[in-house]
Amino acid sequence: MTAEQSNPSSSAATDAAMDENHVIAERREKLRLMREQAAVNQAAVFPNDFKPEHKAADLQTTYAETDKESLDPQEIPVVVAGRMMLKRVMGKASFATIQDASGRIQLYIARDEIGEALYDSFKHWDMGDILGARGRLFKTRTGELSVHVTELRLLTKSLRPLPEKFHGLQDQEIKYRQRYVDLITSEETRETFRARSNVVTAIRQFMNSHEFLEVETPMLHPIPGGASAKPFITHHNALDMQMFMRIAPELYLKRLIVGGFERVFEINRNFRNEGLSVRHNPEFTMMEFYAAYTDYRWLMDFTEQCIRAAAIAAKGTAVLSYAGKEVDLSKPFERLTIIGAIRKYAPQYTLEQLNDADFLRKELLKFGVKAFDHAGLGALQLSLFEETAESQLWQPTYIIDYPVEVSPLARASDKQPEITERFELFITGREMANGFSELNDAEDQAARFQAQVKAKEAGDQEAMYYDADFIRALEYGMPPTGGCGIGIDRLVMLITDSPSIRDVILFPHMRAEQ
């Protein structure tokens, strides 16, 4: 028995590949003949002189309620273009459906209207070819809005068959790797990325309406900072110096606060040299914003309003459904401390245990987590929270008052100096935002950076570097400030009910194609 005989799915895949290769060969031969004919006629094989004037969706909306008897006599002229998705060839007349960026519309193509030679050519055109058509609107006997074609052009010859011919685009990895095909064939995918665009637009409008200035900061950094993460490292040849891809724009945005811009934001790409998962992509989008003379409590109210506005703009409601469960963004978000969250979602732990560093180290080992030797009580409590409570925070919940040792850029509380005025927002068990009252004491910040350097020397690869220029900026004086970062990709996942971050990134990172 051969390997293919023992593996039916492998055999089917081989047969499909052979069929596809045959189709591609046939289409290449058609293109070769087109090139020969074009050379004789001194015509372009891929013309660029046809300009559509109407969108399918606009036509469908405008004439949806117009009946056949009222529409046909008007002979409304239209000019459309799009990819041929359906084709039904009959004797002297045929139907085709084209798809543009807005939707689909049917073409009625009659031999006597466009001429026998062109009609014969059309019969050999393929699904996926891009056509341009002029004609007049009418409705068929079944009431379908259509274009009675008077001029038909082949604008682009498609050399590869659309996946429906080969059982559809079912392989999720191929959907991510060949997003262009996914977009052609899936209206659901197209809607997801329209929603993403609406989310970003709504956030930008919300920020502008609150007098924030949109700015751009460097993506190549001499020192990686603003977050605890492993950076991508590169080299600048002209300067002969090591550079790092941005892990966060925070330190540059706060430099702008020092400079006198009191409200700034950036919708930015960040890069972190970490693993791939349904929640992580090495390249991702954040919106970070900073406002002078605010604190973390103001930030929580503002972030809540921003996220709510984005959901309403994209979906028309602040009450969403995710993975079959309701998520209500319309109500005030809950606020819990780290200890409060553990006590609520893992009530088996006593306060005495949660304040016992030795107990926490042993308990974390049960979850496969070995804490760093330098980790203090606050860091250990945070690790236990991440293992026991984080995934259960389904409804919007702010976790507040993070320990100083894991918040090197946040302002310490005046009343409890061991904690900071910091929050993280969790929805559906995922972190959506991170914000805090900013540390503006230059000497305190320098000491925090030194502690991070020691942590890095002790083996914490995600600990921060010492940024002398940022300390110099703080020494000029930064007003009391609040700052926050919102994960755009995860927010879009929530709003579009997408299970993986790859579903909301047009071109997610993938392993090398075999």
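Biologist: Which residues in H18 are buried?
Modeller: In this predicted model, the buried residues of H18 are Ile-488, Asp-489, Arg-490, Leu-491, Val-492, Met-493, Leu-494, Ile-495 and Thr-496. Buried means under 20% relative accessible area, while exposed is over 50% and partly exposed is in between, with a 1.4 Å probe and protein chains only.

Biologist: And how many of the residues of H18 is that?
Modeller: 9 of the 9 residues of helix H18 (residues 488-496) are buried, so the helix is largely enclosed by the rest of the structure. Helices (H or I, at least four residues) and strands (E, at least two) are DSSP runs, numbered from the N terminus.

Biologist: What follows H18?
Modeller: Asp-497 does, and its phi is positive, near 55°.

Biologist: Quick check on the ground rules, please.
Modeller: Residues are numbered from 1 along each chain as its sequence is written, and side-chain values use heavy atoms, leaving out hydrogens and water. As the model is predicted, local features need pLDDT of at least 70 and side-chain atom pairs count only at pLDDT 80 or more, but totals for chains, interfaces and linings use all residues.

Biologist: Thanks! How is the protein divided into domains?
Modeller: Domain 1 is 15-156, and domain 2 is 184-333 + 395-503. Their C-alpha centres lie 48 Å apart. The bounds come from an automatic or database domain assignment.

Biologist: I'd like to hear about the barrel. In what order do its strands close?
Modeller: The order is E1-E2-E3-E5-E4, 5 strands in total with mixed pairing. From one strand to the next, the twist averages 55°. Two strands pair if DSSP finds at least two bridges between them.

Biologist: Do E3 and E5 run parallel or antiparallel?
Modeller: Strand E3 (residues 104-110) pairs with strand E5 (residues 145-156) in the parallel sense, over 3 bridges. Tyr-108 has His-148 in E5 as its bridge partner.

Biologist: What about the open sheet?
Modeller: That sheet has 8 strands in the order E6-E10-E11-E18-E17-E16-E15-E14, with mixed pairing. Its edge strands are E6 (213-214) and E14 (334-337), each pairing on one side only. Within the sheet, strand E11 (residues 283-292) and strand E18 (residues 481-487) run antiparallel and are joined by 7 bridges. Ala-291 stands opposite Gly-482 in E18.

Biologist: Where does UniProt put a binding site?
Modeller: The "binding site" annotation, from an unreviewed entry, covers Glu-424 and Glu-431. UniProt positions are given in the numbering used here, feature names are shortened, and annotations may be inferred rather than shown by experiment.

Biologist: Is Glu-424 buried or exposed?
Modeller: Glu-424 counts as buried, because its relative accessibility is 9%. Glu-424 lies in strand E16 (residues 422-427).

Biologist: Switching to helices, how do H9 and H11 pack?
Modeller: Helix H9 (residues 187-209) and helix H11 (residues 296-315) pack at an angle of about 140°, with their axes 8 Å apart. Axes are lines fitted to C-alpha atoms, for helices over the stretch in contact, and angles run from 0 to 180 degrees between N-to-C directions. H9 and H11 are therefore oblique to each other. Under 35 degrees counts as roughly parallel, over 145 as roughly antiparallel, 65 to 115 as roughly perpendicular, and the rest as oblique.
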